[in-house]
Amino acid sequence: MSFDGFGRDSVAFWEGLAQDNSKSYWHAHKLTFDAAVAGPLAALAEDLSVEFGDIHRFRPQRDVRFTPDKRPYQQFCSMAAASTHPAGGVLYFQLGLEGLMVAGGAWQPDTATLTRFREAIDQEDVAASFDLARQNMLDEGFDLDGNRLKTAPRGWHRDHPRIEDLRLRNLAWHRTFVPGPWVFEAKCRSVVADSWRALDRWNLWLGTHVGPLPVSP
């Protein structure tokens with residue numbers, strides 16, 4: 001089945017779930033979820049897989065074992081793919097009442113990856129290419145995750161000229177689109193595909209200058 005947009009009933013479904021996130025609500029409206037959300041998500045994933053490879057669709061149930069928030073269902077649908085570049089990185093999609101969000105890069109990378117990143121941007125030529133890659137992402141409407149260490153990472157001086165970059169804890173970008181009528185049309189596919197291509201250029205920069213990346217979303 002070719003993707004031609006999410007169902008318009010998805011808005012009412014998400015609004016209802018936000019008011020009553022319960023198993024009773026879910027089962028009463030599961031046919032709507034299947035037709036307006038799950039079915040189109042599967043079709044979108046199938047379409048995008050031609051260019052981006054295998055795509056994992058996340059289950060709607062939340063893992064509530066280790067959180068005080070016991071709401072049983074996610075209030076969005078989501079999926080992710082590994083970067084098309086062999087060095088790794090991820091591509092992510094999420095849709096709910098808060099909008100359509102796309103993201104990519106290395107989310108919560110391990111210490112070894114962050115160390116390689118810091119050592120890379122301490123080199124003048126790599127730092128210049130990082131600045132260019134960052135500006136390109138900003139020009140395309142993406143925001144760099146701003147999660148940073150409170151102080152300089154171990155082994156680096158707090159007066160380093162690139163201390164703000166050295167303090168980064170995530171190497172990921174994201175963008176949230178305000179949903180409009182296009183979400184219910186085939187145009188939605190182009191928005192996601194164009195965004196993933198831009199995010200994968202960032203994955204390529206990371207793979208080139210930082211090395212193998214974690215691929216778990």
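Me: How do the axes of α5 and α7 cross, and how close do they come?

Reply: Two packed helices are described by the angle between their axes and the distance between the axes. Here the axes of α5 and α7 come within 10 Å and cross at roughly 170°. That makes α5 roughly antiparallel to α7. The contact is made by Val126, Ser129, Phe130, Ala133 and Met137 of α5, together with Ala198, Leu199, Trp202, Trp205 and His209 of α7. As for the terms, contact means heavy atoms within 4.5 Å. Axes are lines fitted to C-alpha atoms, for helices over the stretch in contact, and angles run from 0 to 180 degrees between N-to-C directions. Angles under 35 degrees count as roughly parallel, over 145 as roughly antiparallel, 65 to 115 as roughly perpendicular, and the rest as oblique.

Me: On what basis are such values given?

Reply: This is a predicted model, in which local features need pLDDT of at least 70 and side-chain atom pairs count only at pLDDT 80 or more, while totals for chains, interfaces and linings use all residues. Residues are numbered from 1 along each chain as its sequence is written, and side-chain values use heavy atoms, with hydrogens and water left out.

Me: How many helices and strands are there in the protein, and in what order do the elements run from the N terminus on?

Reply: Helices (H or I, at least four residues) and strands (E, at least two) are DSSP runs, numbered from the N terminus. The protein has seven helices and six strands, and the elements run α-α-α-β-β-β-β-α-α-β-α-β-α.

Me: At what angle do helix α1 and helix α3 pack?

Reply: Helix α1 (residues 9-19) and helix α3 (residues 30-52) pack at about 125°, and their axes are 9 Å apart. The two helices, α1 and α3, are therefore oblique to each other. Asp9, Ser10, Phe13 and Trp14 of α1 meet Thr32, Phe33, Ala36 and Val37 of α3.

Me: What is the order of the strands in the sheet?

Reply: Strands of a sheet pair through backbone hydrogen bonds, either parallel or antiparallel. In this model an open sheet of six strands has the order β1-β2-β3-β4-β6-β5, with antiparallel pairing. β1 (55-57) and β5 (143-144) stand at the edges, each with a single partner strand, so one side of each is left without a neighbour in the sheet. Two strands pair if DSSP finds at least two bridges between them. Three bridges join β1 to strand β2 (residues 76-82), and Arg57 stands opposite Met79 in β2. β2 and β3 pair over seven bridges in the antiparallel sense, with Gly96 of β3 as the bridge partner of Phe76. Seven bridges also join β3 to β4, where Gln94 stands opposite Met101. A hairpin of two residues leads from β3 to β4.

Me: Which helix lies across the sheet strands β1, β2, β3, β4 and β6?

Reply: Helix α7 (residues 187-209) lies across these strands and runs at about 20° to β4.

Me: How many residues of β3 are buried?

Reply: Buried means under 20% relative accessible area, exposed over 50%, and partly exposed in between (1.4 Å probe, protein chains only). Seven of the seven residues of β3 are buried. Val90, Tyr92, Gln94 and Gly96 point one way, and Leu91, Phe93 and Leu95 the other way. Cys77, found in strand β2, counts as buried at 6% relative accessibility. Leaving aside neighbours within four places in sequence, Cys77 is in contact with Phe6, Trp14, Val37, Leu41, Phe93, Gln94 and Leu95.

Me: Which residues of helix α4 are buried?

Reply: An α-helix has 3.6 residues a turn, so residues three or four places apart point the same way. The buried residues of helix α4 (residues 111-121) are Thr113, Leu114, Phe117, Arg118, Ala120 and Ile121. They cover an arc of only 160° around the axis, which puts them on the same side of α4; the arc is that of the directions from the helix axis to the C-beta atoms. These buried residues pack against α5 (124-139), α6 (163-166), β6 and α7.

Me: Where does Gln108 lie, and is Gln108 buried or exposed?

Reply: Gln108 lies in the loop between β4 and α4, and counts as exposed at 58% relative accessibility. Although not a glycine, Gln108 has a positive phi of about 50°.
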